[in-house]
Amino acid sequence: MRCAEALARSGVTPIVVDEAERPGGQVYRQPPAASEPASSAMYGFEAKKAEAIHRAIDAARGRIDYRPRTLVWNVFGQRLDLLTPDGPRQQPFDRLVLATGAMDRVLPFPGWTLPGVFTLGGAQIALKAQGVAIGRRVALVGAGPLLPLVAHQYAKSGIEVVAVLDATVFGAKLARFSGLCASAATLAKGLWYVARNRLRGLDVRYGIGSLRVEGEHRVEALAWRDASGEERRVACDAVGASFGLRAEAQLADLAGCRFAFAADARQWLPERTLQGRSSVAGVYLAGDCARIGGADVAELQGRRTALAVLEDLGRPVDRRELASLDRALARQARFRGALDAAYPFPAHLVDAIADDEIVCRCEGITAAALRRAAREHGASELNRVKALTRIGMGRCQGRVCGEVAAELLARACGSELERVGRLRGQPPVKPIPIVAGAP
Amino acid sequence: MAGLFQRAIDRGGAAVALTIDGEPVHAQRGDLLITAILLHRDSLRRFEFGAGSRAGFCLMAACQDCWVRLGDGRRVRACSTPVEPGMAVIIEGARAG
């Protein structure tokens, strides 16, 4: 949105294709138009930022061609294939800025497909976009900064939070304290959430060894092994659980962008210059879709990418703004590096995935099927495993299972994560009616 | 049957009547369909590849776990579809009780 706004300010009328009904993305997501305006209670500390971005979008309305409820399901050369409220359409472009964002990184554990288990992001969206909680007694599990935030938001809204479990160890956070100071305001907010949670008796328990959701038809309890190896259990009727974020880059893949393996993110990501350019001329990547940076970085990057687009169009750009954005982005990168190190990937939860665990929740395919494909068919590449097992072939197109499938395959083959590759993006990236495929 | 969700912040909004497996229930204007259903029920659909039911997962239109059937023949993703008056949700086969 910041990119579109900056382009509009410079006299270029961008077309913004948004799958949502209203602008704001996921972090500053708005309730559907029919309801009352979102209250500040729904966004907490970020209320001012949410308001600012919603206002900026409204102000730019006349200069942005905004297309809500429109899915981009394919990028084909210089053309987007769309599913609009009025049916299938095509949209040619000469410049394409992809800002497809991120979603929760998901790891399977016993009971993770039971009704009542949602991602942490999902738990948060329920509250801020709808004003509802995912349950009455809620347990939260995470491995990233979203965990204390969601715990805070839930507790503040009067919802009973019965456990807050972090799969990473507390020591990693202390060790990165100086790096985290690079964004003092963000760090302060994080510490404030943790402190407020503690005042409410909501201590975050770090270093969780394993976890299991119990229940016959829906969530009834969460059991875990704590840092000292002791088994714990708490009755609850909902669980919000996910383990950091993953970049969502399927459209970048379809646009032909070159990907590189990011060892720290444990994910293949589309290559992006500091200015927001991809490896394909005329295709740009803004925000979390090429590397997780969070909402503040995404705003900066959106504006920076707009300047790159304007430069490439041969239009004048404000050099001072450009330099100040680059400085701000460099500072944020330092903070992000420390934050990522403070919340390392919880590899032990992948190691704990048993043979009978569902890896592909779309079609109920287990870890055993993946391991068999590796063992008996010698599959050592992820797309080969997909062909053999259908993992990554269901409705989610591997958005939920792709990363964990790669982790499991690398372990099964005894190879580096990088060597097992990544799921190739395939159109349509989301389900569409068959008529939409034949315009 | 107790629903999964509970309202935490009152957004206001007029009542919207819909049915779930024929039973009349009320939602509010501005509710997404997943909200409207899970305030009253504990699942959205039966899982078609095995035992059990599903109730959505990511709430951001990525995981595709929350597709539901409507009486008029439409299939919609409940987390990105605003509730409309008169919607007839078919969970059919999801455990009653």
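Colleagues, a word on conventions. Residues are numbered from 1 along each chain as its sequence is written, and chains are lettered from A and ligands numbered from 1 in the order in which they are written. Because the model is predicted, local features need pLDDT of at least 70 and side-chain atom pairs count only at pLDDT 80 or more, while totals for chains, interfaces and linings use all residues.

I begin with the contact between the chains. Chain A contributes 45 residues and chain B 36 residues, where two residues are in contact if their C-beta atoms, placed from the backbone, lie within 7 Å. On the side of chain A that touches chain B, the elements giving two or more residues are helix 2 (40–43), strand 7 (102–104), helix 4 and strand 9 (132–133) of chain A. Helices (H or I, at least four residues) and strands (E, at least two) are DSSP runs, numbered from the N terminus. Which element gives the most to this side of chain A? Helix 4 of chain A does, with six residues.

After helix 4 of chain A comes A:G131, with a positive phi near 70°.

I turn to the nonpolar core, defined as a set of buried Ala, Val, Leu, Ile, Met, Phe, Trp, Tyr and Cys residues joined through C-beta atoms within 7 Å. The largest one holds 164 residues, and A:L140, A:V359 and A:A405 have the most contacts inside it. Helix 10 (residues 295–312) of chain A supplies the largest share of this core, eight residues. Leaving aside residues up to four places away in sequence, A:A405 touches A:V359, A:L370, A:L382, A:V385, A:I391 and A:G392. In soluble globular proteins, nonpolar side chains tend to be buried together.

Next, helix 8 (residues 184–199) of chain A. Its 16 residues reach 22 Å from first C-alpha to last, close to the 22 Å expected at 1.5 Å a residue; the expected span is 1.5 Å times one less than the number of residues. Buried in helix 8 of chain A are A:Y193, A:V194 and A:N197. Why do they lie on the same side of helix 8 of chain A? They do so because they cover an arc of only 90° around the axis, the arc being that of the directions from the helix axis to the C-beta atoms. The buried residues of helix 8 of chain A pack against helix 5 (146–156), strand 11 (160–166) and strand 12 (204–205) of chain A. The face turned away from the buried side carries exposed residues, including A:L191, A:R198 and A:L199. Just after helix 8 of chain A, A:G201 takes a positive phi of about 75°.

Now the sheet. Three strands of chain A form an open, antiparallel sheet in the order 13-14-15, where two strands pair if DSSP finds at least two bridges between them. Strand 13 (210–214) and strand 15 (231–235) of chain A are the edge strands, each pairing on one side only.

Five bridges join strand 13 of chain A to strand 14 of chain A, and A:V213 has A:L222 as its bridge partner. Strand 14 (residues 221–225) and strand 15 of chain A also pair over five bridges, with A:A221 opposite A:A235. In the hairpin of strands 13 and 14 of chain A, with six residues between the strands, A:G215 has a positive phi near 155°.

Finally, some backbone details. A:R69 has a positive phi near 50° although a residue other than glycine; A:R69 lies in the loop between strand 2 (65–67) and strand 3 (71–76) of chain A. A:R390, also not glycine, has a positive phi near 75° and sits in the loop between helix 14 (382–389) and helix 15 of chain A. The peptide bond from A:P427 to A:P428 is cis, with omega near -10°; A:P428 belongs to the segment after helix 15 (402–413) of chain A.

Notes
A residue is buried if 20 or more other C-beta atoms lie within 10 Å of its own, exposed if 12 or fewer, and partly exposed in between; C-beta atoms are placed from the backbone.
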